[in-house]
Amino acid sequence: MDLKLAISRAGHDKDSLYVIIKEETDVVYLVDGKLKPIEKPKKKNRKHIQIINNLPKEITEVFTHQSFRNEEVKRALKLYQNMKMPAGRKEMP
């Protein structure tokens, strides 16, 4: 399965980071492993997200199995956030 990350660009979850687990014509299903686990993904209109292309190899290697687990989703999102933080800054609460 091709791993894709997305950032919400509209709604109450604006600027939240998600993993896309399923795609349809106009909607995507998003998970974050915490509030939106794999068992209950968030359905979101495709035009309200920004897909992140060109993911680093470290993030794509997190998902070694065909089936995703919430722990792997959380780990991939955390790795991506840590890579994007400028040096010397701490993660926001």
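Which strands does H2 lie across, and at about what angle does H2 run to S2? Helix H2 (70-84) lies across S1, S2, S3 and S5 and runs at about 130° to S2.

## Basis of the model

This is a predicted model, in which local features need pLDDT of at least 70 and side-chain atom pairs count only at pLDDT 80 or more, while totals for chains, interfaces and linings use all residues. Residues are numbered from 1 along each chain as its sequence is written, and side-chain values use heavy atoms, with hydrogens and water left out.

Helices (H or I, at least four residues) and strands (E, at least two) are DSSP runs, numbered from the N terminus. Axes are lines fitted to C-alpha atoms, for helices over the stretch in contact, and angles run from 0 to 180 degrees between N-to-C directions.

## The sheet

Five strands form an open sheet in the order S4-S3-S2-S1-S5, with antiparallel pairing; two strands pair if DSSP finds at least two bridges between them. Strand S4 (42-45) and S5 each have a single partner strand and stand at the edges, so one side of each is left without a neighbour in the sheet. From one strand to the next, the twist averages 45°.

S1 and S2 run antiparallel and are joined by four bridges. Ile7 stands opposite Leu17 in S2.

## Nonpolar cores

A nonpolar core is a set of buried Ala, Val, Leu, Ile, Met, Phe, Trp, Tyr and Cys residues joined through side-chain atoms within 4.5 Å. The largest has 19 residues, and those with the most contacts inside it are Leu3, Leu5, Leu17, Val19, Ile52, Phe63 and Tyr80. At least two residues of this core come from each of strand S1 (4-8), strand S2 (17-23), strand S3 (27-31) and helix H2. H2 supplies the largest share, four residues.

Phe63 is in contact (heavy atoms within 4.5 Å) with Leu3, Phe68, Glu72, Val73 and Ala76, leaving aside neighbours within four places in sequence. A second, separate core has six residues, among them Ala6, Tyr18, Leu30 and Ile49.

## Positive phi in two loops

Asp15 is found in the loop between S1 and S2. Its phi is near 75°, a positive value in a residue other than glycine. Asp15 counts as exposed, at 53% relative accessibility; buried means under 20% relative accessible area, exposed over 50%, and partly exposed in between (1.4 Å probe, protein chains only).

Asn54 is found in the loop between strand S5 (49-52) and helix H1 (57-60). Asn54 is not a glycine, although its phi is positive, at about 55°. With a relative accessible area of 78%, Asn54 is exposed.
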